[in-house]
Amino acid sequence: MIDELLAQPLPEANFHDDTGCGGPEHRVRILRASQEFWDDDDGQAAREADADLRAYLDALIATLTARWGEPLAIDLLPYLRAGLEGRRCLSRSTA
């Protein structure tokens, strides 16, 4: 999927769909998502999903680190705030 995304041009306009969002300078994609846990009374399904997502994230980090080197930490709080305020994804320049 990473190679596929890199081969695509960045979107000309802001968009939001089932797979993510983006705009002229960025693209955000959902790589993996868990189920909802409304009926998980004992929390077991949530713990299993958390372990699965952590293993997936660790594998993704290892793959991307091998390809491009050590990761750079980026504060995603402005993006979270934008989402909570009902705004779509922000470009780097406005974050």
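Reply: A patch joins residues with over 30% relative accessible area and no salt bridge, like charges within 9 Å and nonpolar side chains (Val, Leu, Ile, Met, Phe, Trp, Tyr) within 5 Å. The model is predicted, so local features need pLDDT of at least 70 and side-chain atom pairs pLDDT 80 or more, while totals for chains, interfaces and linings use all residues. Residues are numbered from 1 along each chain as its sequence is written, and side-chain values use heavy atoms, without hydrogens or water.

Asp39, Asp41, Asp42 and Glu48 form a negative surface patch, where Asp and Glu count as negative, Lys and Arg as positive, and His and the chain ends are not counted; each charge is placed at NZ of Lys, CZ of Arg, CG of Asp or CD of Glu. Areas follow the Shrake-Rupley method with a 1.4 Å probe, only the protein chains shown counting as cover. Asp39, a member of this patch, sits in the loop between strand 3 and helix 2 (helices, H or I of at least four residues, and strands, E of at least two, are DSSP runs numbered from the N terminus). With a relative accessible area of 73%, Asp39 is exposed (over 50%; buried is under 20%, partly exposed in between).

Asp40 also belongs to the loop between strand 3 and helix 2, yet this residue is buried and has no salt bridge. Its nearest side chain of opposite charge is that of Arg47, 6.4 Å away. What the Asp40 side chain does reach is the backbone nitrogen of Ala46, at 2.8 Å.

Elsewhere, charges do pair, a salt bridge being a side-chain nitrogen of Lys or Arg within 4 Å of a carboxyl oxygen of Asp or Glu. By this rule the model has four salt bridges, and one of them joins the side chains of Arg67 and Asp3, with N and O 2.7 Å apart. Because Arg67 lies in helix 2 (residues 44-68) and Asp3 in helix 1 (residues 2-7), this pair ties together parts that are 64 residues apart in sequence. Arg67 is partly exposed, at 41% relative accessibility. The side chains of Asp3 and Arg67 also make a polar contact at 2.7 Å (N or O atoms within 3.5 Å, within protein one able to donate a hydrogen and the other to accept it, residues adjacent in sequence counting only if both atoms are side-chain atoms). From Asp3 to Gly23, which is 20 residues away in sequence, the C-alpha atoms are 19 Å apart in space.

A further salt bridge pairs Arg29 with Asp17, whose closest N and O atoms are 3.6 Å apart. Arg29 is in strand 3 (residues 26-29) and Asp17 in strand 1 (residues 15-17), so that distant parts of the chain, 12 residues apart, are linked. Arg29 is partly exposed at 25% relative accessibility, and Asp17 is partly exposed at 34%.

Asp52 and Arg32 meet in a salt bridge as well, at 3.0 Å from N to O. Here Asp52 belongs to helix 2 and Arg32 to the loop between strand 3 and helix 2, so the pair ties together parts that lie 20 residues apart in sequence. Asp52 is partly exposed at 37% relative accessibility, as is Arg32, with a relative accessible area of 39%.

Helix 2 also holds Tyr56, which is partly exposed, with a relative accessible area of 31%. Together with Met1 and Leu31, Tyr56 makes a nonpolar surface patch of about 270 Å².

Technical notes. Buried < 20%, exposed > 50% of the residue type's maximum accessible area, 1.4 Å probe, protein only.
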